[in-house]
Amino acid sequence: MFPTTLLTTLLLALSVAANPVLVNRSPVTLPISRRLNLTSVHNLLRHDQNRAKALKAKGAAKAAGISFSEDAVISSQVDNQAVTYVATVGVGSPATQYDLLVDTGSSNTWVGAGKAYVKTSTSTQTSNRVSVTYGSGSFSGTEFTDQVTIASGLVISKQSIGVASRSQGFQGVDGIIGIGPVDLTVDTLSPATSSTIPTVTDNLFSQGTISAHEIGISFQPSITGDDLNGEITWGGTDSTKFTGSITFIPITSTSPASEFWGINQSIRYGTSTNILSTTAGIVDTGTTLILLSTQGFNAYQKATGAVNDNNTGLLRITSAQFSNLQSLFFTTGGATFELTANAQIWPRALNTDIGGVANSIYLITNSLGTPSGEGLDFINGFAFLERFYSVFDTANKRVGFATTSFTKATTN
């Protein structure tokens, strides 16, 4: 028989191997900046609809167990990302700083779109090629593992990253930090493999750097194009960024929304006008607008009296219609979140940046471009998220929302 002390040691070793070493640490925050990067008329809407089309097709392909090809889905050229949130992330030792898009709709982290990758003593090239398509852009290149520094105290060893040899649609940034569900990394490597690539959040947790497998995101409404107006909290939430309690919503079981940060939700305009009955959709920082399936969009346009604006591709309303604009109510997880009239309009100070007229009023809700009943009927993009605190909880497979001090702001 084993001596008692030896048996205890072996059991302890097995326990440590099977579970991440959890350190009792407070969550760490990372500032993120909003950037307005529009290069052509209709770029804003076209970007979002193309991205939505690709996300929907990728999710459906993944659910069916087949490979996804963007070429069969995307037919409209997008010059660049439209409105993005960017975090500065270090790679290597000593670290080179890269400005990376924060994306909950994808899960690979990669660099090289702008600033070139700098190899250091911590850089190791693998034998794999890596490529990801986003609808609003794409990249391909080589997989490396390297040290990644998210913020002070958040250092990941041997994180898989892509190093782009080709990229499209990412002018002005260096790549992406992907914080979507890990299963989205399947089929992004070649030779093809069914294995997943741990995300930065996965590795922060498994390496014991954060004690909770979740992140919280805070945005604020802004009337400037480039603004440091957000933060990611790794390993928990920041109670100073929200009011009241967080409502958690389980990830939907409806495909293809279930492949992303997907939830079930209904939407109402005013007191009684139904826009969408309870249905599945996703929460996505990489989408600028709030997108609704065709039926929902048509109901919203009719309720508001808005017209299509040829200059921007968005809906436009008059000042009188804005005075009568009622709130949109998003019901999910047993709670209802009110998107006020002011929150439904594009910031008027930025009208000319999207090809609009300075004094016009444009709505931030638009069409997904596909009918209801296909398993992804809405996208709550950053126009929604900048009014509510959001939590992406990998451990419990759920999304959380809470009100903030900006929920009813009149900034726009």
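Trainee: Which strand holds leucine 292?

Mentor: Leucine 292 lies in strand E15, residues 290–292. A strand here is a DSSP run of at least two residues and a helix (H or I) one of at least four, both numbered from the N terminus. This is a predicted model, where local features need pLDDT of at least 70 and side-chain atom pairs pLDDT 80 or more, while totals for chains, interfaces and linings use all residues. Residues are numbered from 1 along each chain as its sequence is written, and side-chain values use heavy atoms, without hydrogens and water.

Trainee: Why is leucine 292 called buried?

Mentor: Its relative accessibility is 2%. Buried means under 20% relative accessible area (exposed is over 50%, partly exposed in between; 1.4 Å probe, protein chains only), so leucine 292 counts as buried.

Trainee: What is leucine 292 in contact with, leaving aside its neighbours within four places in sequence?

Mentor: Contact means heavy atoms within 4.5 Å, and the partners of leucine 292 include Ile267, Phe297, Tyr300, Leu368 and Phe378. Leucine 368 is 76 residues away in sequence, yet 5.0 Å away C-alpha to C-alpha.

Trainee: What makes E13 and E18 a pair, and in which sense do they run?

Mentor: Two strands pair if DSSP finds at least two bridges between them. Strand E13 (residues 262–269) and strand E18 (residues 328–332) have four bridges, in the antiparallel sense. In one of them, serine 266 is partnered by threonine 331 of E18.

Trainee: Which sheet do the strands build, and in what order?

Mentor: The open sheet has seven strands, E19-E18-E13-E14-E22-E15-E21, with mixed pairing.

Trainee: Which strands does helix H4 lie across?

Mentor: Helix H4 (residues 294–304) lies across E13, E14 (273–283), E15, E18 and E21. Its angle to E14 is about 135°, on a scale from 0 to 180 degrees between N-to-C directions of axes fitted to C-alpha atoms, for helices over the stretch in contact.

Trainee: How many cavities of 30 Å³ or more does the search find?

Mentor: Six, in a search of the whole structure. A cavity is a set of points on a 1 Å grid over the protein atoms alone where a 1.4 Å probe fits but cannot get out, and lining residues have an atom within 4 Å of a point. The largest cavity is lined by 15 residues, with Asn108, Thr109, Ser160, Ile161 and Ile197 nearest its centre. Strand E7 gives the most to that lining, with four residues.

Note on methods. On a 1 Å grid over the protein atoms alone, a cavity is a set of points where a 1.4 Å probe fits but cannot get out, and a pocket is an open set with protein on both sides within 12 Å along at least five of seven lines; lining residues have an atom within 4 Å of a point. Grid points are joined across faces, edges and corners, and a volume is the space filled by probe spheres set on the points.
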